[in-house]
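I went residue by residue and then helix by helix.

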Amino acid sequence: MTTYQGKIAFLGQGRMGVPMARRLREAGHRVTVWRRGTGVPVAEAVAGADLVITMLRDPAAVREVLAAALPGLRAGATVVEMSTVGPEAVRELRASLPGSVGLVDAPVLGSVGPAADGTLTVLAGGLSGPGVDGAGCRAVLEVFGTVREAGPLGAGAALKLAVMSALVPAQVLLAETFAYGEAHGVPRGALADVLAATPLGGLADRLRTPAGQTRYALGLAAKDLSLAAWEGASLATAARRRLQEAEAAGLGDHDLTAIAAHLSAAPPVPRRRAVPLNPPAVPATNGMYSHAVRAGDTLYVSGQVALGEGGAVVGEGDMTAQAEHVFRSLSHILADQGAGFGDITFIRTYLTDMDRRAEYGAVRRKYITGTPPASTTVEVPRLFVPGLLLEVDLVVALP
């Protein structure tokens, strides 16, 4: 086995990040670990690293963290993107990184237990790409489990979504099956016993008793299907909507298997036409509204302002800083539904000083490129918190 001698920066969060970083250290690698909330700048964490590994929640988080890391990335380094973000996001990431920095996409199959045990399946794309030490990368990835080379850059991300677009809807289907059975007097255990003799036996047994510990969060499964539900993917799209309803009911942090109990609790209730959404990557609201509401394939995004955690104004008096905060929040909300700025149909902006619209426009053009959507910009005397300079709301056509 090839021994990797380089320095590694691990940029991770959530349940998977901690055990994966621990395995790297236990394997004897020189690792700097970065996560949100530590106060350490990302650029400082990646300074001098030969290999930079990202394990984050969604495409927006990956874009944000790696944009902040750019000043610290050295020429000749390789970024190994291990989140579930999809091939389009990988291509965008390649375009945003300097040509002197290599890129590998290597999402994983498996949950928290396999992450701790080193028995994940790593789906690697781009190991033979330009500027990539393929043997060295593979040696590091083998710490996490079995490495399967998927092909060129983006192939690993595509393979991961293809697998999840089968596994996740299958579990939602079985949850509906249990709900139907229980509604007609068939105990879940009896139905699971019969299904055990079929090709669906393994998954049925997993849903027989929903997991007490979160291995694969229901909210993450909804996010993954938002990325995987391509046009015409009717089963994945329907399963995604079921999961979004469960997430709106407060089950986003529960294990995916909680979908069985959720559907069994009230199988006759029709699907909600309006689903409130509050992605965890965006600072929480004050409880009087939701960040967005999905109705069918249309997303209505509430006015976003420059408020951080706890309701403090970000970038007091600085239009550029506040606009950047607003558009980062919008990117998280869009990514949560598998959308991007190109899917916006209408954008409305409220400015407290129209003379500062050029500062706002410079930031907006960074995020909204190409042919712009329908738009309205108005001046207002004040917004609901003193110090806020702008507010932006959207209407979005979801993929």
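**Entry 1: A21.** I began with the neighbours of A21: leaving out residues up to four places away in sequence, A21 touches F10 and V33, where contact means heavy atoms within 4.5 Å. I placed A21 in helix 1, residues 14-26. Helices here are DSSP runs of H or I with at least four residues, strands are E runs of at least two, and both are numbered from the N terminus. A21 is buried, at a relative accessible area of 7%. For that term I used under 20% relative accessible area as buried, over 50% as exposed and anything in between as partly exposed, with a 1.4 Å probe and protein chains only. I also looked up A49, which is 28 residues from A21 in sequence and 15 Å from A21 in space, C-alpha to C-alpha.

**Note on the source.** The model is predicted, so I kept in mind that local features need pLDDT of at least 70 and side-chain atom pairs count only at pLDDT 80 or more, while totals for chains, interfaces and linings use all residues. Residues are numbered from 1 along each chain as its sequence is written, and side-chain values use heavy atoms, with hydrogens and water left out.

Entry 2: I found A75 in the loop between helix 3 and strand 4. A75 counts as exposed, with 55% relative accessibility.

Which residues of helix 4 are buried? In helix 4 (residues 87-96) they are P87, A89, V90 and L93. Down the axis of helix 4 these buried residues fall within an arc of 155°, so they line one face of the helix; the arc is that of the directions from the helix axis to the C-beta atoms. R91 and A95 are exposed on the other side of helix 4. The cover over the buried residues includes helix 3 (59-69), strand 4 (78-81), strand 5 (102-105) and helix 7.

**Entry 3: helix 7 with helix 9.** Two packed helices are described by the angle between their axes and the distance between the axes. The axes are lines fitted to C-alpha atoms, for helices over the stretch in contact, and angles run from 0 to 180 degrees between N-to-C directions. For helix 7 and helix 9 (residues 201-208) I read axes that come within 10 Å and cross at roughly 60°. That makes helix 7 oblique to helix 9; under 35 degrees counts as roughly parallel, over 145 as roughly antiparallel, 65 to 115 as roughly perpendicular and the rest as oblique. Helix 7 passes helix 9 in a right-handed crossing. A crossing is right-handed if the near helix is turned clockwise from the far one by less than a right angle, and left-handed if anticlockwise.

From helix 7, L167, A170, Q171, L174, A175 and F178 meet L203, A204, R206, L207 and R208 of helix 9. I sorted this contact of helix 7 with helix 9 by class and got eight nonpolar, one polar and two charged residues. Nonpolar covers Ala, Val, Leu, Ile, Met, Phe, Trp, Tyr, Cys and Pro, charged covers Asp, Glu, Lys and Arg, and the others, Gly among them, are polar.

G202 also lies in helix 9. G202 is exposed, with a relative accessible area of 57%.

**Entry 4: helix 7 with helix 10.** The axes of helix 7 (residues 155-183) and helix 10 (residues 218-228) come within 9 Å and cross at roughly 125°. That makes helix 7 oblique to helix 10. The crossing is left-handed. Helix 7 contributes L161, M164, S165, V168 and P169 to the contact, and helix 10 contributes A221, D224, L225, L227 and A228. By class, I have eight nonpolar, one polar and one charged residue.

**Entry 5: helix 10 with helix 11, and R240.** Here the axes come within 9 Å and cross at roughly 150°, and the crossing is left-handed. The helix 10 side of the contact is L218, G219, A221, A222, L225 and S226, and the helix 11 side is A236, A239, R240, L243, Q244, A246, E247 and L251. The classes are nine nonpolar, three polar and two charged.

I then followed R240, in helix 11 (residues 234-251). Is R240 buried or exposed? R240 counts as buried, at 1% relative accessibility. Beyond four places in sequence, R240 is in contact with A222, L225, S226, A229, R294, D297 and P399.
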